[in-house]
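Subject: Structure handover

Hello,

Here is the structure for your files. My notes on salt bridges and helix packing follow below.

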Amino acid sequence: MPSNKSVSDAPIVQFTNCRILRGHQLQREDLWVREGKILNPEKLFFDEKASADIQLDCKDSIIAPGFIDVQINGGFGVDFSLATDDFKSGIDLVSQKILSHGVTSFCPTLVTSPPSVYHQVLPQISVRNGGAHGAGILGAHLEGPFISKEKKGAHPEHCLRTFEAGAFQDLLATYGSLDCVRIVTLAPEMKRSSEVIRELTKRGICVSLGHSVANLSQAEEAVQHGATFITHLFNAMLPFHHRDPGIVGLLTSDKIPAGRRVFYGMISDGIHTNPAALRIAHRAHPKGLVLVTDAIAGMGLAPGRHTLGQQVVEIDGLNTYIAGTKTLSGSVATMDTCVRHFQEATGCSVETALEAASLHPAQLLGIEHRKGTLNYDSDADFLMLNDGLYVQATYIAGKEVWRQDVLGM
């Protein structure tokens, strides 16, 4: 077929012999990519009369959208909640290393910190595309300090804050700037939280409910004001009670505004939630489940002492505790591990497991037209996986940025 380059001189790459996750199903078809975007082959053939410049045999791999981690506190010795001189090189290191976990975009997450930390760190986080340098940055996730003392988890109590008279101004003064902020986790039972939720939502910032003792009606009111996410469901909130299910009740609430969906994060590491709890949540509200790692600086490192913001934490196997306690503090799980555990624990389909780490977080952030799917004209951020859902290669903008070496190292 003659190649017609009138539209673009960029090479067309055809990925063959693969099963593509598209339309919620694995489909045996080829993937066509040019200039970082996924192409519609029909348009290519009939409008441009073009053919592939490069063909790549995927050897029967699964091709799925790249994973999006909306809650990751650090990894490989880097803690996003520590203001250091080399913060930028730290975030670069994490974004490079998580490519091997299949993560192509993420939200660096800061736990409750003093205002000085936000003022130093946030100006150093900038939204950027991914590439060979590492996963793309979608904006910061600020988890705290406007959270409940009773459910502070691993957050330092002396840094917690409440909303005073000028509630939104308090928040601005604490963070310094909202320029690169994508998600804010707060406790909705706090006085004046409603006006804060409205103001954040107005600015396109996702409000998440967490570290909270809110009852169901307080949680529903927060959703009516614009909140759309629940931070690590079941962890750091009132346990489910049949007379008042608390924030957990949002999964089946009939008070969610029409046309809106509440999403919820799950740390599917086999430690933070019992597999039965994971199954209950998934069966109650499958389309809202978003897998998150909640990974801390110790991810990828040997057991021992590490940091999480202002606290010292100890890693013991896959458990991470505040030093000297049995309070869980983040995880050392990787996103690909969470996907495999989720699929195994719930018995869900491969497609469902993959979408919980790609489509759902993209929908939460309102970027599903670009990320989280393999639809035509989407960003060509995708993974090759084997049938066991182990990542074999990671692509960003159609270019290979990581590949498992032949020895499986």
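How many salt bridges does the structure hold? There are 17. A salt bridge here is a side-chain nitrogen of Lys or Arg within 4 Å of a carboxyl oxygen of Asp or Glu.

Some ground rules. This is a predicted model, so local features need pLDDT of at least 70, side-chain atom pairs count only at pLDDT 80 or more, and totals for chains, interfaces and linings use all residues. Residues are numbered from 1 along each chain as its sequence is written, and side-chain values use heavy atoms, with hydrogens and water left out. Helices (H or I, at least four residues) and strands (E, at least two) are DSSP runs, numbered from the N terminus.

Salt bridges

Take Arg28 and Asp60. Their side chains meet in a salt bridge, 2.6 Å from N to O. Arg28 sits in the loop between strand 2 (25-27) and strand 3 (31-34), and Asp60 in strand 5 (residues 54-65), so the pair ties together parts 32 residues apart in sequence. Arg28 is exposed, at 55% relative accessibility. Asp60 is partly exposed, at 31%. The cut-offs: buried is under 20% relative accessible area, exposed is over 50%, and partly exposed is in between (1.4 Å probe, protein chains only).

Next, Asp379 and Lys37. The closest N and O atoms of this salt bridge are 2.5 Å apart. Asp379 lies in the loop between helix 10 (359-364) and strand 20 (382-385), and Lys37 in strand 4 (residues 37-38), so the bridge ties together parts that are 342 residues apart in sequence. Asp379 is buried, with a relative accessible area of 13%. Lys37 is partly exposed, at 32%.

Then Asp92 and Arg128. Their salt bridge spans 2.8 Å, N to O. It links distant parts of the chain: Asp92 is in helix 2 (residues 87-97), and Arg128 is in the loop between helix 3 (115-121) and strand 10 (136-137), 36 residues away. Asp92 is partly exposed at 33% relative accessibility, and Arg128 is partly exposed at 25%.

One network stands out for Lys37 and Asp379. Salt bridges with shared partners join them to Arg370, Lys371 and Asp381.

Helix 2

Which residues of helix 2 are buried? They are Phe87, Gly90, Ile91, Val94 and Ser95. An α-helix has 3.6 residues a turn, so residues three or four places apart point the same way. The cover over the buried residues of helix 2 includes strand 6 (67-72), strand 9 (103-111) and helix 3.

Helix 4 against helix 5

Helix 4 (residues 167-175) packs on helix 5 (residues 193-202) at about 60°, with the axes 8 Å apart. Axes are lines fitted to C-alpha atoms, for helices over the stretch in contact, and angles run from 0 to 180 degrees between N-to-C directions. Ala167, Phe168 and Leu171 of helix 4 make the contact with Glu195, Val196, Glu199 and Leu200 of helix 5. Contact means heavy atoms within 4.5 Å.

Phe168 belongs to helix 4. Phe168 is buried, at 7% relative accessible area. Its C-alpha atom is 5.3 Å from that of Val196, 28 residues apart along the chain. Beyond its neighbours within four places in sequence, Phe168 contacts Leu178, Val196, Glu199, Leu200 and Arg203.

Best wishes
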